[in-house]
Amino acid sequence: MSIALIYSGTPFFPTPQPCSSALDEHLPPEGGAYLCRGQAELIILAAQFAYEQGTPLNRSITIHWELAGVPDSRSAQQIGAFLKIAADRIKYWGGEFCAIWVRENGIRNDGRPSGSHVHIVAHVPPCLQQRFIQHQRRWLGGLSVGGRYMKRMLKSRPVDGCSLTDGRT
């Protein structure tokens, strides 16, 4: 499992974050089924940092790379490419972008494989939400095997309880 925060196209901390403290010993090691305490704390710190910078995390995005034909060995590269496109476009449109992501490839509760996928929480300026939504599938199509968007590979929605009209950029 890998995690990272991207702020205006620049990594806030390196990825992956290994489980290394004594507090993490009771949880699975890097590559396990769960985030360790240290990784969870870094996600919380990154979310606080984003909020303090005036870029609260207001969009939840899940991308299923396996449905797009992207092998797990290339999914981290494709995540980086998607986030770079998103950051570049939002900057071009006059806004700030940041994102925290966690990449997974594991087993569902029912025992079936979940396939390679990524969970992203991002800041998309409220005034750019519609434009962002309209472009996501096209960006992902360009990153998919075969060069086209695959049905059900993207789930993107506002973060519950987050105002999309709060005036922040």
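Biologist: How far does helix α2 reach from its first C-alpha to its last?
Modeller: First off, this is a predicted model: local features need pLDDT of at least 70, side-chain atom pairs count only at pLDDT 80 or more, and totals for chains, interfaces and linings use all residues. Residues are numbered from 1 along each chain as its sequence is written, and side-chain values use heavy atoms, with hydrogens and water left out. Helices (H or I, at least four residues) and strands (E, at least two) are DSSP runs numbered from the N terminus. Helix α2 has 21 residues, 72–92, and since the expected span is 1.5 Å times one less than the number of residues, its reach is close to what is expected, at 30 Å.

Biologist: Which residues in α2 are buried?
Modeller: Buried means under 20% relative accessible area, exposed over 50%, and partly exposed in between, with a 1.4 Å probe and protein chains only. An α-helix has 3.6 residues a turn, so residues three or four places apart point the same way. The buried ones in α2 are S75, Q78, I79, F82, L83, A86, A87 and I90.

Biologist: What is the phi of R152, a residue other than glycine?
Modeller: Most residues other than glycine have a negative phi. R152 sits in the loop between α3 (129–143) and β6, and its phi is positive, near 70°.

Biologist: Is R152 buried or exposed?
Modeller: Its relative accessibility is 61%. The cut-off for that class is over 50%, so R152 counts as exposed.

Biologist: Which residues is S144 in contact with, leaving aside its neighbours within four places in sequence?
Modeller: Contact means heavy atoms within 4.5 Å. S144 is in the loop between α3 and β6, and counts as buried because its relative accessibility is 7%. Its C-alpha is 6.5 Å from that of G69, 75 residues apart along the chain. With those neighbours left out, S144 is in contact with A68, V70 and M153.

Biologist: How far is the C-alpha of A68 from that of Y149?
Modeller: A68 is in the loop between β3 and α2, and counts as buried because its relative accessibility is 3%. Apart from neighbours within four places in sequence, A68 is in contact with S144, V145, M150 and M153. A68 and Y149 are 81 residues apart along the chain, yet their C-alpha atoms are separated by 7.2 Å.

Biologist: How much space lies in the second largest pocket?
Modeller: On a 1 Å grid over the protein atoms alone, a pocket is an open set of points where a 1.4 Å probe fits, with protein on both sides within 12 Å along at least five of seven lines; lining residues have an atom within 4 Å of a point. Grid points are joined across faces, edges and corners, and the volume is the space filled by probe spheres set on them. For this pocket that comes to about 160 Å³.

Biologist: Which strands each supply at least two residues of its lining?
Modeller: The lining includes W101, H119 and R157. The strands in question are β3 (59–64), β4 (98–104), β5 (117–123) and β6 (154–158).
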